[in-house]
Structure formats: structure tokens, C-alpha cells
Amino acid sequence: MAMPHNKTEEDITAEVLQRFEQTPDPRLRQIMLGLIKHLHAFVKEVELTEAEWFQAIEILTEAGRMCTDKRQEFILFSDTLGVSMVVDLIAHRKPDGATESTVFGPFHRLGAPELPAGGNIARLDKAGPPTLVSGRVLNLDDEPIEGALLDVWQAQSSGLYDSQDESLNELHMRGKFRSDAEGRYLVRTVLPVNYPIPSDGPVGRMLRATGRHPWRPAHIHFVISADGYEPVTTHIFDRTDPYLGSDAVFAVKDSLICDFVRHESAAGEAVRLGIDPPYYTAEFDFRLKPAAEQRTNVLDAQRRLAALGARAAE
Ligand SMILES: [Fe+2]
């Protein structure tokens, strides 16, 4: 059906929707029609001015230009707008006893070294108190999963990830660990700190202009994967952190909060590893659910992002 050329605001939305109606892939069709419907409704609702529209283009252009293999401004936008957590919550709707997931964030890097149990990911961090994180990787029947891979990353005591720290040109605060026959893992690190997300770009300007703070509560990142199980991307959080209730990226879930306990005298693994007190320990068991049918997961997504970053760095 031919559309009139003297368009009203309603005519143009209808014509754009009609143009996308013929999209062969049904999922892409659903996404494009939903996107156009809501995008047009948003522009009409706020009566976006030409100057504001141009500002939005400039912001997106600047965000794109900031992205490199070490900086992902679009993930920061997604995280600070709460979109990452909505996607996470849709993907993991049913509580089933498995460890809850949370945002992947912009700071994962490929190539972290595989370390033995008790290996120290914080070997260059002399400021933070030594900390041992231990626990088990289990299935939903609480049986151990042997050989699960735990990909761990964390900010330094300075609040910076290695990729943000210009004094470093190597990977730091990252490691991969394997669970043993009893499902046990042991990570040596330093006490995680709260930190502000990078605010020297458009995301930072948005936070300031809207009266929001950029802080994230202290946490350690994990991606845990094992053959036959669905990988989980998550964090563990420090129960004492003042930002648990106002995480800049909305990523806190109650089940992921744990106690980092201070010790004044060495015992157990701390003695074996030669750790002098005071030090901290945290215990957390991860529960994985059996793999669903093959689908795109975060590991595929991180490989694609890494490829994008490598291209940006060229
Ligand atoms: Fe983080």
C-alpha cells in the first residue's frame, strides 16, 4: 500500500513499521518492530528537539570513539542505564538453586594465566590486605564439580583495573583456577575495594548531569564454566560496603553478598601459603545448573567483544 507523502507523526511511524514488516528472520523482525515502536514513542513523548537529537548523535559518536581493547563505553552506558541487569534478569528468571548471575562489566580481559589452587592474582598489589577466597563448585544436588574453570578478575587496591592503570603494561589481578575432585577452589588476592566507574567520558557526564554517583561496591568478578553446565557470570560482594544499596550499575543481588572475615593470627591455608596476619578470608560456594540446549552465552559474547576491541586497537 502506497503511503501518502504529506506525513504526520503517526504516518511516518506506520510507514517505517511497514517497511520492516517484511524482515525474513522472525526474531529480527520482532526486535526491529519493537525498537521502532518504542523509539518513535520516546521521541514523541519527550518532544525531542533538533538540538537534543544532534547532541544524542554526538554522545554516541564520542562513545564509539572512546572504545578500544581496554575501554568499552557502550557497556558502561548499558550498565549505568540498568539495561545490562534487565537483560540478565530476563535470561535468568527462575530461581532454581543455581548461583545468581550479574553484569559482565567492561573490564574482563582474555589471556589471564591459569594458576594453581592458592595462586596469587594480586602479586603486584602491596597495598591491600591479603585475602583468601575459597569454596566449592557444586551441581544443583550439592555434588562437587571437578575441573570447573573459574575465571577471576578484580580491581587493584587503588580502585583501578590493570587496563586503566598506565603504570602497568601487563595483566594483573586476573587468574583462572580449576576446582579439585571435591569441587574446591582457592584464590589468593587482596581485599576488594569499592571504586568509581570511569567517568572521564560521556557516561561520566551523564552521571554528573543527573545527580548520580559513579561508585560500585567492593566485589570480585567470576565466570565459572564446566563441561555439561551452564556458565555463570557473577560477582561476590563485601557485606560491609556502603554502596551495596546504590551500586552505579544496579548489579547487587542478596545471594551474592558474603562476609570477608578479618584474622589477626595465621591458621590453615594462610600458614601453608606463608601469609602474615592480618588477612581476610571469604567463603562462597557456586552452584551450576545443567547446560540448556546450545545457545549464545557470555563466553561467545566476550570473544566477539575481544575481537571488536582488537580491531579498535589496530
Ligand atoms: Fe568490577
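**Entry 1: the hairpin.** I began with the turn between S7 and S8 in this predicted model. The two strands form a hairpin, and six residues lie between them. Within that turn I looked up Gly228, which has a positive phi of about 85 degrees. S7 and S8 run antiparallel and are joined by six bridges. One pair I checked is Ile224 with its bridge partner in S8, Val232.

**Entry 2: strand S7.** Is S7 buried or exposed? I went through residues 219-225 and found that seven of the seven are buried, so the strand is largely enclosed by the rest of the structure. Buried here means under 20% relative accessible area. I then sorted the side chains by direction. His219, His221, Val223 and Ser225 point one way from S7. Ile220, Phe222 and Ile224 point the other way. Both groups are buried.

**Entry 3: the other neighbour of S7.** I next looked up strand S2, residues 149-153. S2 pairs with S7 in the antiparallel sense, over five bridges. Val152 has Phe222 of S7 as its bridge partner. Phe222 belongs to the group on S7 that includes Ile220 and Ile224.

**Entry 4: the whole sheet.** I wrote down a general point before tracing the order: strands of a sheet pair through backbone hydrogen bonds, either parallel or antiparallel. Which order do the strands take here? I read S3-S2-S7-S8-S9, an open sheet of five strands with mixed pairing. The edges are S3 (174-178) and S9 (257-258), each of which pairs on one side only.

Entry 5: In what sense do S8 and S9 pair? I found strand S8, residues 232-238, pairing with S9 in the parallel sense over two bridges. Phe237 has Ile257 in S9 as its bridge partner.

**Entry 6: the chain as a whole.** I stepped back from the sheet and noted eight helices and twelve strands in the chain. Along the principal axes, the C-alpha atoms fill a box of roughly 80 × 40 × 40 Å. Of the 314 residues, 41% are buried. Among contacts with a separation of 6 or more, I noted that 71% come from residues 24 or more positions apart.

Terms used. Residues are numbered from 1 along each chain as its sequence is written. This is a predicted model: local features need pLDDT of at least 70, side-chain atom pairs count only at pLDDT 80 or more; totals for chains, interfaces and linings use all residues. Side-chain values use heavy atoms; hydrogens and water are left out. Two strands pair if DSSP finds at least two bridges between them. Helices (H or I, at least four residues) and strands (E, at least two) are DSSP runs, numbered from the N terminus. Buried means under 20% relative accessible area, exposed over 50%, partly exposed in between (1.4 Å probe, protein chains only). Contact means heavy atoms within 4.5 Å.
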